[in-house]
Amino acid sequence: MTSSFRHIVVLTGAGISRESGLHTFRDLDGIWAQVRLEDVCTPEAFERDPAGVHAFYNARRAQLADVAPNDAHRALAALEAAVTDGRLGADASLLVVTQNIDDLHERAGTRSLLHMHGELRRVRCNSCGATPAWDGPADGRTPCPACGRTTLRPDVVWFGEVPMHMDRIGEALGRCDLFVSIGTSGTVYPAAGFCEFAGRHARTVELNLEPTPGRTAFDEQQAGPATVLVPRFVS
Ligand code: BV8
């Protein structure tokens, strides 16, 4: 399916990591059924309870050691290899934009990747702005490796904060001829608006366990698990 396109943008959400064992957010067994978004995923929450927010992200960071990429992550890495080898044309391009903060795309081999909501395996210093790679727990007593101050926060984008890499994402969406949304409910903006923007000039496809409320905005919708749909779609 993808071989007839030149410039592909793929948006992924928590659903692509579900079969690796990481919970989604809004499914019945999702993260927001366990903890209130307002208590862990806003700057106000961090201001109010930094230890609680650090604990939430420390637990999710620790979980990365117990999970591995699945066939959907690997299929996207194989697609990138085909682009890099010139099998989709000399000037072909692929960009994976993920809302996920796990590292499963990297571990599957994807390099052309932007984490628009940040990364679990980084922290950010509120004093000096350093964003060191981070594997273990962090909290209000952990000194920043760059400046030594104990002002570290998770390097993720909370509600009300500006997503990362929006300039590069907008540029890629503006020139793509294929936009594929994988494993996202299309609830959170600005990611939820990417289909409408790309759809002005590109073919748009939703690959999701079930059709989402935004499915009518896509040219095509396929329902099923990502580990089945994605390898078949990119072959
Ligand atoms: C911003 C942090 C301005 C990291 C997250 C009113 C209207 C419109 C917008 C707003 C509004 N009020 C406020 C806003 C803005 C707000 C927003 O969109 N709110 C929503 C709730 C209405 N957005 C923001 O604040 C953003 N910032 O707008 O700044 C701006 C914008 C542009 C330019 C400059 C300035 C910041 C949003 C980031 C918030 N941070 N997380 C973390 O803790 O992980 S969001 C959170 O939701 C996660 O990051 C997650 O990635 C994201 C999206 O969720 P999904 O990935 O889609 O997961 P979900 O569970 O919802 O769905 C999973 C899907 O997978 C399901 O459909 C399921 O069927 C499917 N699935 C399950 N299993 C499988 C599967 N599919 C395939 N195979 C399977 N096996």
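Analyst: A polar side-chain atom of Tyr57 lies 2.8 Å from an oxygen atom of the ligand. That is a polar contact, a pair of N or O atoms within 3.5 Å; within protein, one must be able to donate a hydrogen and the other to accept it, and residues adjacent in sequence count only if both atoms are side-chain atoms. This is a predicted model: local features need pLDDT of at least 70, side-chain atom pairs count only at pLDDT 80 or more, and totals for chains, interfaces and linings use all residues. Residues are numbered from 1 along each chain as its sequence is written, and side-chain values use heavy atoms, with hydrogens and water left out.

User: Which backbone atom lies 2.8 Å from a nitrogen atom of the ligand?
Analyst: A polar one of Val157. For Ala14, a backbone N or O atom is 2.8 Å from a ligand oxygen.

User: How many residues surround the ligand?
Analyst: There are 35, counting a residue if one of its heavy atoms lies within 4 Å. Phe25, Arg26, Thr184, Ser185 and Tyr189 are the closest.

User: New topic. Where is Arg200?
Analyst: In the loop between helix 8 (194-198) and strand 7 (203-208). Helices (H or I, at least four residues) and strands (E, at least two) are DSSP runs, numbered from the N terminus.

User: What does the side chain of Arg200 touch in a polar contact?
Analyst: The side chain of Glu196, at 3.4 Å.
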